[in-house]
Amino acid sequence: MDAVSQRVLEHLTEVEEAAEEVLSTKQQVVELDSRRNRNREALSALRTEDTEKVKVCLGNMFIKLPKLKTREMIQKDQEQLDKEINELRKGLKAKVNRLNELQGKPELRGYSLSPLSTEEIKAINSLFKR
């Protein structure tokens with residue numbers, strides 16, 4: 001194999017690896033989001049439950065726990081899932097930009113935008129009310 005074809009092969013391998021990283025990160029986000037939705041369903045089911053203790057599936061067994069303790073556990077898990085999803089999404093932006101760079105495509109415009117904070121929204125609303 002000559003030097004040119006070797007470089008082409010290395011470049012294609014690098015592009016494939018970058019694409020695989022993007023796809024695996026997206027899949028992780030989907031799985032974590034699915035878990036977050038199941039937690040949300042569990043929290044709403046706890047609101048309708050009238051008993052003091054509820055049965056919770058932990059691993060491969062059911063355990064009877066106090067309703068408040070169960071709600072706290074699920075809410076902590078929700079917070080952790082939110083944090084993980086946000087971190088993965090931030091990393092995904094960099095991975096997509098790297099993939100586009102390797103493919104020779106221009107960087108996506110507006111892809112790295114972040115939402116306005118509550119203070120910024122309040123400031124804008126106060127300007128419009130004048």
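Predicted model: local features only at pLDDT ≥ 70, side-chain atom pairs only at ≥ 80, totals over all residues.
Residues are numbered from 1 along each chain as its sequence is written, and side-chain values use heavy atoms, with hydrogens and water left out.

The protein chain contains three helices and two strands, where helices (H or I, at least four residues) and strands (E, at least two) are DSSP runs numbered from the N terminus. Along the sequence these elements follow the pattern α-β-β-α-α. The radius of gyration of the protein chain, taken over C-alpha atoms, is 23 Å, well over the 14 Å that the globule rule gives for 130 residues, so the chain is more spread out than a compact globule; that rule is 2.2 Å times the number of residues to the power 0.38. Taken along the principal axes, the C-alpha atoms fill a box of roughly 75 × 60 × 15 Å. Among the contacts (heavy atoms within 4.5 Å) with a separation of 6 or more, 55% come from residues 24 or more positions apart.

Helix α1 covers residues 3-48, and its 46 residues should span 68 Å at 1.5 Å a residue, which agrees with the 68 Å between its end C-alpha atoms; the expected span is 1.5 Å times one less than the number of residues. The buried residues of α1 are V15, A18, V22, T25, V29, L32, R36, N39, L43 and L46. An α-helix has 3.6 residues a turn, so residues three or four places apart point the same way. What covers the buried residues of α1 includes β1 (53-58) and α2. On the α2 side, T70 lies in that helix and counts as buried because its relative accessibility is 3%. Leaving aside residues up to four places away in sequence, T70 touches L46, V54, V56 and L65.

The structure holds four salt bridges, each defined as a side-chain nitrogen of Lys or Arg within 4 Å of a carboxyl oxygen of Asp or Glu. R36, which at 14% relative accessibility counts as buried, pairs with D33, their closest N and O atoms being 2.5 Å apart. Being three residues apart in helix α1, R36 and D33 are separated by about one helical turn, and D33 is partly exposed, with a relative accessible area of 24%. R36 also forms a salt bridge with D82, the closest N and O atoms being 2.7 Å apart. Here D82 lies in helix α2 and R36 in helix α1, so the pair ties together parts that are 46 residues apart in sequence.

Finally, L116, I121, I124 and F128 make a nonpolar surface patch of about 400 Å². L116 is placed in the loop between α2 (67-103) and α3 (118-129). Patches are made of residues with over 30% relative accessible area and no salt bridge, like charges being joined within 9 Å and nonpolar side chains (Val, Leu, Ile, Met, Phe, Trp, Tyr) within 5 Å.

Note on methods
Areas by Shrake-Rupley, 256 points an atom, 1.4 Å probe, with all protein chains shown as cover. Buried < 20%, exposed > 50% of the residue type's maximum accessible area, 1.4 Å probe, protein only.
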